[in-house]
Structure formats: structure tokens, C-alpha cells
Amino acid sequence: MKRPEGFDEGDARRDVPAEGAEAPRQRRGPSKPRLPFRGRVADDREARPASAPEAPLDETVEPTPADQPDPDTSGSHRDRVGALAGAAGRRFGAGLGVVADRLREYTPNEDHRDPEADRRDAERRAATSGGADHDATVTDVLDAGGASRPDPHAEAPIGARVRAAETAREARIAKRRRRLLERAEVRRFTRRSRHRRAAWTTAASVVLVLGVSILVAVFSPLMALRTIEVKGTNRVDEAALRQALSDQIGTPLARLDFDAIKRDVAGFPLIESYVTEEAPPHTLVLTVTERTPVVAVRSGSTFDLVDPAGIVVQSSPKRPASMPLADIGRARLGSSSFRTMTEVVLALPSTVRSQVTRVAGSTADDVTLTLKDGSTVVWGNPDESDAKAALLAALVKDHRARNPGVVVEYDVSSPDNGVIRAKD
């Protein structure tokens, strides 16, 4: 049988024991458990679980020819080297632990600090420092099974507590987020009902407010009439008018009797029209339009100033210079011929009206005007009074420009063809 190259035949013969020789027993020192690492695990890492214990070594291992040591030199030399290496490793590990503890003291973890754990760590560091100075002996051999077993009295690593705290915080955040999501889902699924409820609530509120407002305005004395304000009066006695309307005092503005107000105002013939306005909470404003006289009518020795409706506004012993005298003959005030004459006077432009001294008309289709210079105007019926008034103003202006001072007759009965005739 070929042997592999590089095989040392002399060493093999030295390692093989003699036939019938009993294999020497390996001396074992007292087992000393390996001290667990006392440094704290980094906060951002989780402590790894201890590995499963290895199977214990059998004290009576049958040596093989290849593994049999030399009884003189090989066994004692290897045991010594192993003991020294183990002692050096333990001292080195203890030194690393002390350095780590010193560094941790300079950079403490302020977020996760346990006073009880710090006290236990200080005790263990003192015990480690005292035991690390003992002299290593030849019999110091590491117990692989004891080193691999976890220490039941060792406290939970800081990383586990940090992880537990972070897990609890994440659980609280997740619970809060789940609650928000559930609330959002509930709002999403109940949106229609909420909108419908909001609409009904709004409608009910509006109806309630309107109802209360109506009740307050109609039946409550908070909106009762206390002040009557009269505007636009000149010839009408304001105090007498306010006294006539005083029976409405104390009535809510929404329940004022406007028919009674109309009857009270009708007792003042100089009022042509009026407008009422409610000014909450306690005021009624009455704006009056008085009658305006347009012609004067002789009545015995006095002159009555009459408006277009035939209502005598005022009586004067003298004839007013700015108002034409109406010759109604046997007609009555308010008749059709009188209304026609007043309508013609109102249609005249202001420049021509100031020149009219007399208006006469036997019928509604025969109205004649007399000017201050003695000229007359044939007006006819009141139809197209605006066009006739414009034609008359043009004819008067043209005649005064060409023949001033000449008495003539202006015929505007046909507004399409105005005529100026010389008057005898």
C-alpha cells in the first residue's frame, strides 16, 4: 500500500503505543465554568441565545494509533500550552470587559437606565477584577459544556428591554393608527346619513328661527309701534295728521291696520298720495305728497286754487300772478272740461306756462289759451299735448324773432301743421 507523500514515518512510530501497553489516562483539573460576558449588548441589537451545550467529553477515550501522544514529552507540553492559552484568553476577555464598562460609563444610555442592573454590573466587575489576577495553573482547562450553558441568574440584556420598549411604543402607535382608520371608515360609511341628518337639522333650525321671528314680530310687544314720523308736508298740519294716526300706537308693526290708516289720511284733502314705511322696531314713517294747484277759479270775491282733480287746495282774496285763471263757465270743478283744461296747462313747457294768463273751454275739444301780450292759442282737444306744446314753443320763438310786439293767433290743433294768423 502506497503511503502519501510527506508522511513522517518516524513521528508515526513514536505516536503508536507499544503492544499490550495501557493507554495513559489524561489528567483533568477541576472544571471551572466560563464567566459570562458582562458587557451590555448594544441597544440596537438583540442578544443572541446561548448555543446548545456540547456533549461532554468521555474521560476514557480510546486513543487511536495516530492520536496517541508521547508519554514523555508530548502530553505535558500540550497540556501546559493549552493551560497558558486558556489563562491568557480569560485575562484578555476580562480586560475587554473592563474597557467596555469604562467606555459605557463615559457614554451612558440615558434613555434606558436601570439602577438595579448597574449595581449588579458593578459587583460583577469587582468579582471579575479580583478573580482575573490569579495565577494560571497547568490544570486550568475550559469546560466546553459549562461555558455553553446560559447563566440562569444573569439578567436580561439591555437590548431586549429596549426592543420590548420599542415594541410597546410601536404597538401603541399601531393601536392609535388603527383607531384613526376605523374612525375614518365609520365616517366614510356614514357620510350619507350624516349629510341627511345635517340637512334635516339645518332645515329644522331655519323653520324654528322663522317661527320664533314671526311670533316675536306678530305677538310680542318688542315690535310694537311707538313713534309716527311724517314727511313731505307743507300745507298739511303735521301734528293733526299724527294725532289722527295715534290709535295705531301700541300695535305690533306686523299687525298695523292699513285700512284704518287710509281712512284717517283721507280726512286731509290736501294730501294727494302717501306711502307708509315700517322702520323696526318701533317706528312708522308716513311720506306725504300734497296736492299742487294748477289753476285759479273765481269763487265770488275770492279765488280758489284748484289741483287737476278739482280739489280746492287753498283760497286767496287776490288772484295769484303765477297761475292762469280757468274760465269754467257753468261747468263744475272736476268735470271733463275742467280736467281737459288742467291737463293742457300741465303739458305746457315752463317758458310758455309762465306767459299764460287765462284758459277757457266750452267743451273738452275746444280749449283756448290767452297769453300776456294778448295773443291766443287754439289748442283743440288734449290729444298729443306734448307734440302741440313743442310746436307752440317753436312758433312763439319764431314770431318774436320776426315780428315782436304783434298780436297773433297760434293754431296748434294739428301738431303736424302749425299756423300763425294775424289777429284783428
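In which sense do strand E9 (residues 366-371) and E10 pair, and over how many bridges? The two strands pair in the antiparallel sense, over four bridges. The legends below describe close-up views of this pairing and of other parts of a predicted model.

**View 1. The hairpin of strands E9 and E10.** Four residues lie between E9 and E10, and the two strands form a hairpin. In the turn, glycine 374 has a positive phi of about 95°. Valine 367 has glycine 380, in E10, as its bridge partner. Strand E10 (residues 376-380) is mostly covered, with four of its five residues buried.

**View 2. The parallel pairing of strands E10 and E11.** Strand E11 (residues 408-411) pairs with E10 in the parallel sense over three bridges. Within this pairing, valine 378 has aspartate 411, in E11, as its bridge partner. From E10 the chain passes through helix H11 (residues 385-402) to reach E11, and this β-α-β crossover is left-handed. Asp411 also belongs to a network of salt bridges that links it with Glu409 and Arg421.

View 3. The side chains of arginine 178 and glutamate 182 meet in a salt bridge, with an N to O distance of 4.0 Å. The two residues are separated by about one helical turn, because they are four residues apart in helix H5 (residues 158-189). Both ends of the pair are partly exposed: glutamate 182 has a relative accessible area of 45%, and arginine 178 has a relative accessibility of 44%.

**View 4. A buried salt bridge between two loops.** Arginine 291 and aspartate 307 form a salt bridge in which the closest N and O atoms are 2.9 Å apart. Arginine 291 lies in the loop between strand E3 (283-290) and strand E4 (295-299), and aspartate 307 in the loop between strand E5 (302-306) and strand E6 (312-316), so the pair ties together parts that are 16 residues apart in sequence. Both residues, aspartate 307 and arginine 291, are buried.

View 5. The closest N and O atoms of aspartate 327 and arginine 358 are 2.4 Å apart, and the two residues form a salt bridge. Aspartate 327 belongs to strand E7 (residues 325-327) and arginine 358 to strand E8 (residues 356-363); the pair links distant parts of the chain, 31 residues apart. Aspartate 327 is partly exposed, with a relative accessible area of 34%, and arginine 358 also counts as partly exposed, at 34% relative accessibility.

Conventions:
Residues numbered from 1 in each chain as written. Predicted model: local features only at pLDDT ≥ 70, side-chain atom pairs only at ≥ 80, totals over all residues. Heavy atoms only, no water. Buried < 20%, exposed > 50% of the residue type's maximum accessible area, 1.4 Å probe, protein only. Pairing = 2+ DSSP bridges. Right-handed = clockwise from strand over helix to strand, strands pointing away.
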